[in-house]
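Here is my notebook for a first look at this structure.

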Amino acid sequence: MRLFDLTGKVAIVTGGNRGIGLGMARGLAEAGATVVVAARDAEQGAAAVAELRSLGAEAGFVPVDVTSQASVDAMVAAAVDTHGGVHVLVNNAGIAIRKAPQEYTLDEWRQVMDTNLTSAFLCSQAVYPHLKAVGGGKIINIGSMLSVFGGTFSAPYSASKGGLVQLTKSLATSWGRDNIQVNAVLPGWIDTDLTRATRAQFPGFDERITDRTPMGRWGRIDDLAGVAVFLASDASDFVTGASIAVDGGYSVQA
Ligand code: NDP
């Protein structure tokens, strides 16, 4: 369908080499986009690119550390040089460090904030002139249920993800007249390396999530493909500043 067709669009997905980023990258690739997979681990990056190419898409890997402004600028420059422009940015790279608030070091706090929140600001700033140059574009920020709820063992993570929602709203209001739509996706509990670590750390956690989720299961990375295509495509041209939960109903369950 034309509304969801991404043929001719170039999409950068940070953290696109595995997990939720790869799930979204698959959706974008299947809708016709050229996907730039951007992350640190080049081996996983190459595997992701091979998979996306097997879907018939153009794809490439660009190494990036999203906590470094120079690295982010180089990522965007490489995408533009190789593919002629950028139309979509998915700010997906993220980490979690789990402990009680009183136990974090300042370095740990900064590591989480830099990776999850400051990175999205830096990447958005870096792509802005390129989105403008092609007449507009799409920025998709990956929040979390912890954009909304508090987390006992995730003070900096929750702060970063709450901040992402506010950053989304501010960029949406600033750049609306440039025809740039900025939205957030708030995934529920998705089976990835990130949450496998949490399940290993907290016995019973796995079952608690399944019980509390109306859909009665954990999310899969492919559950995020559809929303990525919607928010990257013309289908969402009048949707901006929104936060869309993709959570199997987790956030509406009392
Ligand atoms: P993974 O741990 O599987 O993936 C994290 C991704 O982020 C990897 O691709 C990793 O690549 C990349 N990344 C981390 N640090 C950096 C960095 N400094 N520079 C560049 N890339 C980086 O986790 P998920 O797929 O689960 O998480 C993806 C996003 O979704 C995160 O923002 C997370 O907070 C969010 N999320 C996840 C949920 C879940 O249930 N899984 C729920 C809600 C939100 P590499 O290490 O190669 O750099």
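**Ground rules.** I am reading a predicted model, where local features need pLDDT of at least 70 and side-chain atom pairs count only at pLDDT 80 or more, while totals for chains, interfaces and linings use all residues. Residues are numbered from 1 along each chain as its sequence is written, and side-chain values use heavy atoms, leaving out hydrogens and water.

I looked up the strand order and found an open sheet of seven strands, 3-2-1-4-5-6-7, with parallel pairing. Strands (E, at least two residues) and helices (H or I, at least four) are DSSP runs numbered from the N terminus, and two strands pair if DSSP finds at least two bridges between them. Strand 3 (59-63) and strand 7 (243-246) each have a single partner strand, so one side of each lacks a neighbour in the sheet. From one strand to the next, the twist averages 20°.

**Strands 1 and 4.** I checked how strand 1 (residues 10-14) meets strand 4 (residues 88-91): they run parallel, joined by three bridges. Valine 13 has valine 90 of strand 4 as its bridge partner.

**Helix 3.** Next I followed helix 3 (residues 69-83), which lies across strand 1, strand 2 and strand 3 and runs at about 150° to strand 1. Such angles run from 0 to 180 degrees between N-to-C directions, with axes fitted to C-alpha atoms, for helices over the stretch in contact (heavy atoms within 4.5 Å).

**Methionine 1.** Lastly I found methionine 1 in the segment before strand 1. Methionine 1 is exposed, with a relative accessible area of 75% (exposed means over 50%, with a 1.4 Å probe and protein chains only).

How values were computed:
Buried means under 20% relative accessible area, exposed over 50%, partly exposed in between (1.4 Å probe, protein chains only).
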